[in-house]
Amino acid sequence: MTTNTITKTDAARQAAFVINRTVYQPSKQRLISRFAENVRAELKRQHMTQLELAQKSGVLQGNLSWYVLGKREPKLTTAYLIAKALDVSLDSLLN
């Protein structure tokens with residue numbers, strides 16, 4: 001049985017983007033807001049409930065609710081699990 005793991009460093013690299021060889025990292029609150037907005041949009045697009053996403057990703061439903069509302073920042077590994085459960089890249093949820 002193979003497990004997919006992501007390190008904090010890998011996820012941080014995905015969260016940054018490069019323009020003209022300069023790495024820009026958006027503000028923390030802006031990333032949280034973008035993540036929440038993109039997760040909500042993806043849930044709607046896939047006709048999936050937060051409960052279904054919580055079960056599929058292994059993230060507690062209460063915690064997921066805070067992330068979707070943009071009230072809390074998920075750890076990078078948690079954000080990765082959510083992206084994986086939605087079958088999208090972490091980058092697409094952060095941009």
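**View 1. The buried residues of helix 5 (residues 76-86) are Thr78, Ala79, Tyr80, Ile82, Ala83, Ala85 and Leu86.** Buried here means under 20% relative accessible area, with exposed over 50% and partly exposed in between (1.4 Å probe, protein chains only). Helices are DSSP runs of H or I with at least four residues, strands are runs of E with at least two, and both are numbered from the N terminus. This is a predicted model, where local features need pLDDT of at least 70 and side-chain atom pairs count only at pLDDT 80 or more, while totals for chains, interfaces and linings use all residues. Residues are numbered from 1 along each chain as its sequence is written, and side-chain values use heavy atoms, leaving out hydrogens and water. The buried residues of helix 5 pack against helix 2 (28-45), helix 3 (50-57), helix 4 (61-69) and helix 6 (90-94), with contact taken as heavy atoms within 4.5 Å.

**View 2. Helix 2 alongside helix 5: their axes come within 11 Å and cross at roughly 20°.** Two packed helices are described by the angle between their axes and the distance between the axes. The axes are lines fitted to C-alpha atoms, for helices over the stretch in contact, and the angles run from 0 to 180 degrees between N-to-C directions. Helix 2 and helix 5 are therefore roughly parallel to each other (under 35 degrees; over 145 is roughly antiparallel, 65 to 115 roughly perpendicular, and the rest oblique). From helix 2, Phe35, Val39, Glu42 and Leu43 meet Ala79, Ile82 and Leu86 of helix 5. By class, that contact has six nonpolar, no polar and one charged residues. Nonpolar covers Ala, Val, Leu, Ile, Met, Phe, Trp, Tyr, Cys and Pro, charged covers Asp, Glu, Lys and Arg, and the others, Gly among them, count as polar.

View 3. Gly70 follows helix 4, and its phi is positive, near 75°.

**View 4. Helix 2 against helix 4, packed at an angle of about 110° with the axes 6 Å apart.** That makes helix 2 and helix 4 roughly perpendicular to each other. Here Phe35, Ala36, Val39, Arg40 and Leu43 from helix 2 meet Tyr67, Val68 and Leu69 from helix 4. The residues of this contact split into seven nonpolar, no polar and one charged.

**View 5. Phe35 and Asn38, two residues of helix 2.** Phe35 counts as buried, at 3% relative accessibility. Leaving aside neighbours within four places in sequence, Phe35 is in contact with Tyr67, Pro74, Ala79, Ile82, Leu93 and Leu94. The C-alpha atoms of Phe35 and Ser92 are separated by 8.8 Å, though these residues are 57 apart along the chain. Asn38 is buried too, with a relative accessible area of 18%. Not counting residues up to four places away in sequence, Asn38 touches Ser92, Leu93, Leu94 and Asn95.
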